[in-house]
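Visitor: Hi, I'm new to this one. Could you walk me through it?
Guide: Happy to. Let's bring it up and take it a topic at a time.

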Amino acid sequence: TLRKPISQSSMADWASKNLNMHTQGIFRRRISISNMLSWNGGSIKKPMLITSNRTIKKEACEMFKLVQSYMGDRQTRMDRNHVALVTVTKCWSMQGLRDELYIQLIRQTTDNMCYRSLAWGWELMAISLAFFSPSPKFQSYLEGYIYRHLDSDEKIAQHIKELVDLKNKKITKSRKKRKQNTEDEGLPISTYAKYCYRKLHKVAVTGGKKGLRKPTVEEITHARNAILTPSLFGSSLEEIMLRQQDMYPGNKLPWVQTQLSQQVLALGGEQTEGIFRIPGDIDEVNALKLQVDQWRIPNSLSDPNIPASLLKLWYRELEEPVIPQQFYQECINNYENPDAAVAVVQLLPELNRLVLCYLIHFLQIFAQPSNVGRTKMDVNNLAMVMAPNCLRCQSDDPRIIFENTRKEMSFLRMLIVHLDTSFIKGLV
C-alpha cells in the first residue's frame with residue numbers, strides 16, 4: 001500500500017536534494033526550484049534529476065522534447081500516438097529514465113497557461129503509469145503531486161486565468177490567442193489525477209508491463225482509453241459488471257471470468273501437466289489481455305497456460321479481492337473448520353459469493369482424481385497457487401505474512417473439498 005502523501009514542505013526538501021539545478025544567462029545563475037518545476041517552453045541542456053549515467057543525460061534532453069511534442073508545445077511531424085510510443089518505449093527499456101519522465105511531466109503540468117497542453121501532459125502521465133512505476137525513492141513525491149490535484153479543477157482554472165492576466169499585462173495578445181489559452185479542452189484535470197492516483201497504487205504493487213516485447217501503438221491507445229473506460233483488469237467487481245451491462249445484461253457473472261475459465265477447459269487444461277503452476281508465455285498473456293479488454297477471445301489460442309495465467313492475473317488484480325478484506329480474519333480463523341469455512345462464503349456479498357463459487361466449482365473440476373493424474377495438481381497444489389489471488393494479507397510483518405499464507409491455502413483447500421457448488425452449473 002502507498003504511504004500517506006508527503007507534505008508540501010517535504011516535497012520541497014526532496015526537490016532540493018534530488019533536482020539537478022539548472023543555470024541560465026552569461027553568469028550561469030542558478031534557476032530557483034520553483035522555476036525548475038514550472039512549465040518551460042524552451043529546451044533543457046541537462047536532466048532534471050541528478051544522474052551520473054551519460055546515456056541518461058543525453059536521452060533526458062531528447063525526452064523533454066518528446067514531452068513537449070505530445071503536449072502540443074513543440075511542433076513535430078509525428079502523430080501523438082507515435083510520440084507517446086517512443087517516449088514510453090525509451091523509459092520501459094531504460095529504467096533510469098522513468099523518474100526523469102515523471103519529473104518532466106510534473107514540471108510541464110505546473111503553471112501551464114494552456115489547458116489543452118495541461119490535459120495532454122496529465123494524459124501522458126496516465127499512459128506512462130500503465131507501463132512502468134516510478135522508483136520507490138520518487139514514488140512518494142509523485143503521489144504527493146497527484147494527490148494535490150484530486151479535487152483542484154476550480155483552483156486550476158483560476159490559476160490559469162491569473163497567469164494569463166499577468167502575462168497579458170506584460171505582453172499584448174490578440175483576443176483569439178487569449179481565448180485559446182483559457183478555454184477548457186479535454187477532461188477535468190481531477191479526472192486524470194484520480195485515475196493516475198489509482199494507477200500509481202496498482203503499478204507500485206504489481207509492477208508495470210512485463211515480457212520481452214516492446215510496447216505497441218495498440219497498447220498506447222488502450223492505456224489512453226482506460227482513463228475513461230475502466231479496464232476489465234484492476235477494477236472492482238461492481239465496475240466490471242456495470243461495464244458489461246450493455247453487452248451482456250443477463251449475465252450474473254463477469255464475462256471475463258467465465259470466458260477465460262471456459263477457454264482453459266476448451267484447450268484441455270484439465271489434462272495439462274502443471275496447469276496454473278507453469279506460467280504461460282508473458283508476451284502471449286499480455287496480447288490476450290489486450291484482446292479480452294476489448295471483449296474479444298481469439299481463435300488462435302493453443303496453449304491452455306495462456307488463458308490460465310491471465311485468469312489468475314484477473315483475480316489477483318481485482319481492486320478488492322474476491323473475498324473482501326473485512327472477511328479476511330474470519331477466513332484465517334476458520335482455516336481448519338470445514339463448516340465454518342463454508343459459512344463464511346454464505347456471508348459474502350451476493351456478487352462476491354457467486355464469483356467465488358464459480359471459481360471453486362472450476363477448481364473442483366481439476367481436483368477430480370482422473371484429472372490430477374494428468375495435471376499433477378492435486379487439491380493442495382491448486383489451493384497453493386490460487387489462495388494468493390483470493391485473499392490478501394494486509395500486514396507488513398513477514399512472520400504474520402508467512403504464517404497466514406499457510407492458513408490461506410488451508411482455507412481455500414477446505415472450500416475446494418467441502419463447498420457445494422452444484423448450483424453454478426449453467427450459471428453465466
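Predicted model: local features only at pLDDT ≥ 70, side-chain atom pairs only at ≥ 80, totals over all residues.

Visitor: Okay, which residue does Lys17 pair with?
Guide: The partner is Asp13, and their side chains meet with N and O 3.3 Å apart. Both residues belong to helix H1, which covers residues 8–18, and they sit four residues apart, about one turn of the helix.

Visitor: Is Lys17 buried or exposed?
Guide: Lys17 is exposed, because its relative accessible area is 59% and the cut-off for exposed is over 50%. Asp13 counts as partly exposed, at 37% relative accessibility.

Visitor: And what about Arg353, which residue does that one meet?
Guide: Arg353 forms a salt bridge with Glu350, at 3.2 Å from N to O. These two lie three residues apart in helix H18 (residues 350–366), again about one turn of the helix. Arg353 counts as buried at 16% relative accessibility, while Glu350 is partly exposed at 48%.

Visitor: Which residues get joined into one network?
Guide: Arg198, Lys202, Glu239 and Glu319 do, through salt bridges that share partners.

Visitor: Where do the two partners Asp293 and Arg243 sit?
Guide: First, the bridge itself: the closest N and O atoms of Asp293 and Arg243 are 3.4 Å apart. This pair links distant parts of the chain, with Asp293 in the loop between H14 and H15 and Arg243 in helix H12 (residues 237–243), 50 residues apart. Asp293 is buried at 4% relative accessibility, and Arg243 is partly exposed at 23%.

Visitor: Let's switch topic. What volume does the largest pocket have?
Guide: About 1,100 Å³. Its lining is made up of 43 residues, and those nearest the centre are Ala130, Lys199, Phe233, Lys289 and Glu317.

Visitor: Which helices give two or more residues to that lining?
Guide: They are H10 (189–206), H11 (217–225), H14 (282–292) and H15 (305–317). H10 gives the most, with eight residues.

Visitor: How many of the lining residues are nonpolar, polar or charged?
Guide: The lining of the largest pocket has 18 nonpolar, 11 polar and 14 charged residues.

Visitor: Last one: why does the largest pocket lie between domain 1 and domain 2?
Guide: Because both domains give residues to its lining: domain 1 (8–168 + 188–229) and domain 2 (237–426).

Notes. Residues numbered from 1 in each chain as written. Heavy atoms only, no water. 1 Å grid on protein atoms, 1.4 Å probe; cavity = no way out; pocket = protein on both sides within 12 Å on 5 of 7 lines; lining within 4 Å. Points joined across faces, edges and corners; volume = space filled by probe spheres on them. Nonpolar A, V, L, I, M, F, W, Y, C, P; charged D, E, K, R; others polar. Domains from an automatic or database assignment. Salt bridge = Lys/Arg side-chain N within 4 Å of Asp/Glu carboxyl O. Buried < 20%, exposed > 50% of the residue type's maximum accessible area, 1.4 Å probe, protein only.
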